[in-house]
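Have the model open as you read.

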Amino acid sequence: MEQFGRLTAIVAPLDRANVDTDAIIPKQFLKSIQRTGFGPYLFDEWRYLDVGQPGQDCSNRPVNPEFVLNQPRYQGAKILLARENFGCGSSREHAPWALKDYGFDVIIAPSFAEIFFNNSFKNGILPIVLDEVTVDQLFKEVQAQEGYQLTVDLEAQTITKPNGEVIHFEVDPFRRHCLLQGLDDIGLTLQYAAEIRAYEERRKQEAPWLFMHLHEIAEKFDQI
Amino acid sequence: MAGKTLYDKLWGEHVVRQDEDGTALIYIDRHLLHEVTSPQAFEGLRLAGRKPWRVDANLCTPDHNVPTTEVEGGPENIEDPISRIQVLTLDKNAQEFGILEFPMGDPRQGIVHVVGPEEGATLPGMTVVCGDSHTSTHGALGCLAHGIGTSEVEHVLATQCLIQKKMKNMLIKVDGQLQPGVGPKDVILYIIGQIGTAGGTGYAIEFGGQVFRDMSIEGRMTVCNMAIEAGARAGMVAVDDKTIDYVKGRPFAPTGELWDRAVEHWKTLHSDPDADFDVVLEFDGSQIEPQVTWGTSPEMVIPITGKVPNPDYETDPVREAGMRRALEYMGLEAETPATEIPVDYVFIGSCTNSRIEDLRAAAEIVKGRKVSDRVEQALVVPGSGLVKMQAEKEGLDKIFKEAGFQWRNPGCSMCLAMNADRLPPKKHCASTSNRNFEGRQGAGGRTHLVSPQMAAAAAIAGHFVDVREFL
């Protein structure tokens with residue numbers, strides 16, 4: 001897993017509630033069998049005026065000048081400021097892959113959809129939940145001041161504004177630890193392989209119907 | 001001490017270990033896979049030199065990309081080269097890792113959430129996961145079932161576990177009796193309209209009360225399927241005799257003495273009478289009317305007797321802006337009666353509404369009638385090869401075809417338009433699917449979520465119409 005520690009970067013404000021993962025990365029791009037290369041298609045339907053296709057060179061596509069990420073002042077942004085229920089809908093991990101590939105390392109919102117929230121951590125993106133009043137104030141400040149930057153420090157669990165004001169944020173200690181260390185979840189879990197085996201042995205006694213041999217049964221049905 | 005909820009019981013049975021801060025390893029009994037969210041997970045296994053922890057826990061089938069028109073000669077001949085690669089990659093991975101697959105052309109192939117329960121691969125009391133948010137569907141059988149991302153797909157393949165924290169408990173209780181013409185889809189759309197698309201975030205939702213007790217297993221699947229549209233990763237319904245009857249005799253269901261033992265256990269899978277829920281919401285089922293969504297989020301829903309809302313009356317500025325954007329995207333004026341919204345396309349299918357009962361309900365409305373001339377395309381896409389065969393046995397295909405519907409092969413199809421079935425820009429679609437997000441069914445397309453009966457009636461009328469007039 002990718003590591004995250006501390007970052008000072010430009011903030012891009014996406015002033016919409018319920019931004020869904022279909023909007024973050026439209027379905028035609030889900031056909032890739034890779035984890036990389038989704039950045040150019042992030043928010044494709046909002047960002048461009050034509051309909052994007054996977055593998056397409058985006059450098060000559062007509063861009064929507066109204067869309068926030070196309071405005072010169074937000075170029076190079078690594079922090080996305082969003083509204084409630086960000087990342088709702090489909091479980092596609094292509095959404096955090098696209099956000100990360102574009103360059104976002106932090107997303108700040110009043111609330112996130114759970115699957116997206118979870119997927120973000122797995123890809124080195126830090127999703128931060130702040131109360132609505134604080135988020136609203138950030139929107140005002142970002143829009144008022146060109147080149148507005150925030151410093152996010154995961155170790156200290158703080159966000160520092162340009163005027164020096166510090167906002168504290170909460171983060172699950174386990175997730176914080178994994179993100180700071182860049183730990184591989186699978187490797188961590190496999191440390192408990194003996195416990196998983198012991199659980200399985202117990203369950204095979206208690207609930208043997210959970211351990212049916214699918215292939216054998218399928219073959220039997222094939223013959224009928 | 002208070003009793004346990006169904007979710008408490010399912011969680012408790014699957015904890016392998018738990019840390020003091022509540023972070024737990026949860027054992028996964030069934031892992032379903034499809035071609036879109038699995039390739040990167042298999043690639044991850046290969047790169048790390050890992051093998052699946054328990055091959056028999058996994059079952060896969062291609063669904064999102066498969067064409068719904070006949071493909072001669074199998075997946076090698078899928079026209080879209082990128083779809084073809086994805087389907088072939090699943091076939092290859094299934095073979096390489098020894099995972100059971102129902103490939104294209106197998107009558108058991110279909111939408112993964114239709115296939116699991118249909119085959120008895122989903123059994124009551126299981127933990128079921130899949131790289132697809134609509135995995136909540138399987139909760140209808142008294143399972144703890146939810147969607148996961150691709151990193152977690154790889155994690156489950158490699159360890160048979162997930163790292164999780166326990167969710168909170170929510171009970172949504174709907175009592176009373178549904179009116180004729182009102183079905184499971186209307187119930188769940190109504191609930192989402194009441195609690196919003198983030199109303200269930202952080203909770204496992206149990207659906208209880210007379211309405212769900214009276215509901216068929218297929219209907220409960222429709223309801224649990226859309227728990228995620230209310231923000232909840234998992235929705236579930238207690239096991240009862242209907243659940244057990246549904247499971248009996250399915251290919252992967254236990255038999256003989258094992259069956260008896262399983263049933264004995266399954267009968268305990270309900271919330272205790274004194275169980276403690278964090279939130280209890282109650283609704284009166286008899287007040288629910290047929291529903292139709294007008295906007296670009298499932299919570300933007302109105303009864304068919306209602307009107308598109310007016311953002312002028314919305315006090316929250318973020319919500320107001322969302323409503324205005326939705327009206328513009330949908331090409332609708334505020335206060336338009338629902339029955340005056342035109343219909344250009346009709347899609348009956350998806351993991352929400354493509355089971356045999358859904359097709360029967362739609363066919364009942366369609367029988368002896370014709371699709372309106374205004375409708376450019378009306379599709380019926382059964383959820384699996386077996387659903388299709390059953391429907392054909394009952395003559396439902398003829399009813400649809402005679403009315404002017406196209407009768408297709410199983411797959412996800414126009415629910416998310418990853419295959420060739422797409423909603424063109426600015427066209428209004430009466431769709432039995434689950435998401436009306438911008439561009440979901442095709443860039444610029446305008447989706448209205450409805451029940452199969454309502455979609456059938458809209459196809460006939462050429463605009464949305466109260467299906468109760470057709471009964």
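Contact here means heavy atoms within 4.5 Å. One caveat before the questions: this is a predicted model.

Q: What does B:D21 touch, leaving out residues up to four places away in sequence?
A: By that cut-off, B:D21 touches A:P173 and A:F174 on chain A, plus B:K165. B:D21 and B:K165 are 144 residues apart in sequence, with their C-alpha atoms 8.9 Å apart in space. You'll find B:D21 in the loop between β1 (15-18) and β2 (24-27) of chain B.

Q: Why is B:D21 called partly exposed?
A: Buried needs a relative accessible area under 20% and exposed needs over 50%. B:D21 has 34%, so the label is partly exposed.

Q: And B:V223, is that one buried or exposed, and how do you know?
A: Its relative accessible area is 0%, and the cut-off for buried is under 20%, so B:V223 is buried. B:V223 belongs to helix α8 (residues 217-225) of chain B.

Q: Which residues does B:V223 contact, once neighbours within four places are set aside?
A: The list is B:P184, B:I188, B:F207, B:F212 and B:M215. Take B:F207: 16 residues away from B:V223 in sequence, and 8.4 Å away C-alpha to C-alpha.

Q: What makes helix α5 of chain B count as mostly covered?
A: Of the 10 residues in α5(B) (150-159), 10 are buried. That includes B:E152, B:E154 and B:H155, along with B:V153, B:V156 and B:L157.

Q: Why are α12 and α15 of chain B called roughly parallel?
A: The axes of α12(B) (residues 356-366) and α15(B) cross at roughly 30 degrees and come within 8 Å. Angles under 35 degrees count as roughly parallel, so α12(B) is roughly parallel to α15(B). The crossing is right-handed.

Q: What makes up the contact of α12(B) with α15(B)?
A: From α12(B) you get B:D358, B:A361, B:A362, B:I365 and B:V366; they meet B:P452, B:Q453, B:A456, B:A457 and B:I460 of α15(B). Sorted by type, that's eight nonpolar, one polar and one charged.

Q: Which residues make the contact of α12(B) with α14(B)?
A: On the α12(B) side, B:I356, B:L359, B:R360, B:A362, B:A363 and B:V366; on the α14(B) side, B:L396, B:I399, B:F400 and B:A403. They divide into nine nonpolar, no polar and one charged.

Q: Which residues touch the most other members of the largest nonpolar core?
A: Out of 115 residues, those are A:F43, A:F86, A:L99, A:I108, A:L126 and B:F405. Helix α15 (residues 452-461) of chain B gives the largest share of this core, seven residues. Apart from it there's another core, of 102 residues, including B:I188, B:I191, B:Y203 and B:V263.

Q: What does A:L99 touch, again not counting residues up to four places away?
A: A:I24, A:L42, A:F43, A:L80, A:F86, A:F104, A:I107, A:F116 and A:I125.

Definitions and conventions:
Residues numbered from 1 in each chain as written. Chains lettered and ligands numbered in written order. Predicted model: local features only at pLDDT ≥ 70, side-chain atom pairs only at ≥ 80, totals over all residues. Heavy atoms only, no water. Core = buried A, V, L, I, M, F, W, Y, C linked by side-chain atoms within 4.5 Å. Buried < 20%, exposed > 50% of the residue type's maximum accessible area, 1.4 Å probe, protein only. Helix = DSSP H or I, 4+ residues; strand = E, 2+ residues; numbered from the N terminus. Axes fitted to C-alpha atoms, helices over the stretch in contact; angles between N-to-C directions. Parallel < 35°, antiparallel > 145°, perpendicular 65-115°, else oblique. Left-handed = near helix turned anticlockwise from the far one by under 90°. Nonpolar A, V, L, I, M, F, W, Y, C, P; charged D, E, K, R; others polar.
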